[in-house]
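Here are my notes on the model, point by point. Please read them with the structure open.

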Amino acid sequence: MSSPSFVRSALFLKRKGYAFLKDLTEEQILAVEKKYSTLLSPYYLSLININDPHDPIAKMALPSVDELNQEGLRDPIGDLINSPVKSLTHRYKDRVLIHLTNKCPMYCRFCFRKNLMNENEANLYDKELVESFAYIKKHKEVEEVILTGGDPFLVSENKLFEVVERINTFSHVQRLRIHSRVPVTFPDRITKKFVNKIQGSFRGQVILVTHFNHPNEITEKTKEISKIVREQGILFLNQSVLLKGVNDSVETLRDLFLKLGNLGILPYYLHHCDLVQGAKHFRTTIKAGRSIWQKLRGTLPGYLLPEYILDVPNGLGKIPLGESPLKEVSADLYQGISLAKEFSYDELGD
Ligand code: SF4
């Protein structure tokens with residue numbers, strides 16, 4: 001990750017003439033980057049069309065003054081509320097998340113953890129891992145451990161394998177899930193040897209959940225790594241976020257889900273964009289999202305239609321939006337029940 005070829009500021013791209021940045025001054029870029037870092041791999045940079053001011057890949061990777069709008073929540077899905085020990089989230093009875101690192105090979109501008117990650121760029125320390133393992137050992141109801149971050153594929157190989165081997169010692173843990181956008185943003189990290197070692201270090205089912213949002217992110221490299229992952233018997237799934245100006249159309253999402261399906265990567269969630277501070281410009285309304293999802297329904301085989309979901313703020317978990325218990329009570333206001341608790345959801349519209 002210390003490679004100089006990773007882009008660490010959009011100033012360099014502005015000077016090279018990237019059309020997406022043409023309306024931003026250098027001062028504005030610096031002001032946004034003071035709050036939210038820029039980082040992208042040479043591979044992800046190569047997916048951007050330098051001449052397109054509306055390039056969807058650029059929108060996901062490069063700064064925008066809209067990020068300075070701080071309306072929203074710092075921790076929109078309540079990771080911190082549900083953390084019994086630091087860096088472990090226990091929201092659902094049978095599953096826990098371990099946040100292995102706050103680093104990613106690219107900082108996505110829409111990320112729901114963008115505030116927490118930018119406040120503390122660090123790997124998980126050994127002391128915190130010890131506490132996480134002690135918690136899992138004690139909680140026999142935990143059947144699945146999810147490694148997340150940041151991006152868990154960014155920690156050193158030795159540390160990652162050590163973590164997987166330790167999880168493997170808990171006989172009540174049946175499944176290991178890894179949430180990583182590395183297959184999309186830094187696919188060179190996915191080698192046969194690497195994947196083989198992960199699968200070989202855990203006795204149960206390994207599930208890799210990645211995060212493609214746009215068909216332009218799918219390349220020959222995606223085909224290569226999809227084969228590597230599936231040949232090891234790993235279940236390969238995708239979750240996308242519905243992003244205004246990036247993928248909020250039936251045509252774009254249909255193309256994305258079909259391309260993923262053709263490579264054996266199953267789309268399982270389409271997230272409504274969270275109420276995170278600094279990403280309001282990416283949020284569609286629920287009404288628009290539902291309309292897209294309902295139109296997609298008749299155009300895709302059922303196994304390629306992901307569930308459209310909302311992560312209810314304050315750690316109340318996920319609810320389906322396609323056909324939802326969430327009732328519209330006024331223009332921006334919805335009411336519903338999640339985990340047996342009533343809640344109101346204000347879209348913070350204009
Ligand atoms: S890779 Fe995932 S965790 Fe990292 S910045 Fe992007 S969305 Fe956030």
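1. Glu-328 stands opposite Tyr-334 in β11. Two bridges join β10 to strand β11 (residues 333-338), and the two run antiparallel. Strands pair if DSSP finds at least two bridges between them. Helices (H or I, at least four residues) and strands (E, at least two) are DSSP runs, numbered from the N terminus. The open sheet here has three strands in the order β10-β11-β12, with antiparallel pairing. Its edge strands are β10 (327-328) and β12 (341-346), each of which pairs on one side only.

2. A word on the ground rules. The model is predicted: local features need pLDDT of at least 70 and side-chain atom pairs count only at pLDDT 80 or more, while totals for chains, interfaces and linings use all residues. Residues are numbered from 1 along each chain as its sequence is written.

3. The other open sheet has nine strands. Their order is β1-β2-β3-β4-β5-β6-β7-β8-β9, and the pairing is mixed. β1 (88-89) and β9 (317-320) stand at the edges, each with a single partner strand, so one side of each has no neighbour in the sheet. Inside this topic, look at β2 (residues 95-99) and β3 (residues 144-148): they run parallel and are joined by five bridges. Arg-95 has Glu-144 as its bridge partner in β3.

4. Domains next. The assignment, automatic or from a database, gives domain 1 (1-68) and domain 2 (72-324). Their C-alpha centres lie 24 Å apart. Contact here means C-beta atoms, placed from the backbone, within 7 Å. On that basis 20 residues of domain 1 are in contact with 22 residues of domain 2. On the domain 1 side, α3 (42-46) and α4 (56-61) are the elements that give two or more residues. The largest share, five residues, comes from α4. By class, that side has 12 nonpolar, four polar and four charged residues. Ala, Val, Leu, Ile, Met, Phe, Trp, Tyr, Cys and Pro count as nonpolar, Asp, Glu, Lys and Arg as charged, and the others, Gly among them, as polar.

5. What lies between the domains? The largest nonpolar core has 89 residues, and Ala-61, Met-106, Phe-110 and Val-145 have the most contacts inside it. Both domain 1 (1-68) and domain 2 (72-324) give residues to this core, so it lies between them. Such a core is a set of buried Ala, Val, Leu, Ile, Met, Phe, Trp, Tyr and Cys residues joined through C-beta atoms within 7 Å. Buried means 20 or more other C-beta atoms within 10 Å of a residue's own, exposed means 12 or fewer, and partly exposed is in between, with C-beta atoms placed from the backbone. Not counting residues up to four places away in sequence, Val-145 touches Val-96, Ile-98, Ile-136, Ile-167, Val-173 and Leu-176.

6. Check the ligand shell. It consists of Cys-104, Tyr-107, Cys-108, Cys-111, Arg-113, Gly-149, Gly-150, Asp-151, Arg-181 and His-211. The cut-off is a C-beta atom, placed from the backbone, within 6 Å of the molecule. The shell divides into four nonpolar, three polar and three charged residues. Note the backbone here: a cis peptide bond joins Gly-149 and Gly-150, with omega about 10 degrees. Gly-150 is in the loop between β3 and α7 (157-168).

7. Two positive phi values deserve a look. Ser-87, in the loop between α4 and β1, has phi near 75 degrees without being a glycine. Ser-87 counts as buried, with 21 C-beta neighbours inside 10 Å. Asn-314 has phi near 65 degrees, also positive in a residue other than glycine. Asn-314 sits in the loop between β8 (307-312) and β9. With 15 C-beta neighbours inside 10 Å, Asn-314 counts as partly exposed.

8. Tyr-135 is partly exposed, with 16 other C-beta atoms within 10 Å. Leaving aside neighbours within four places in sequence, Ser-132 is in contact with Val-85, Ser-87, Leu-88 and Ile-98. Under that exclusion, Tyr-135 touches Pro-84, Val-85 and Leu-88.

Technical notes
Two residues are in contact if their C-beta atoms, placed from the backbone, lie within 7 Å.
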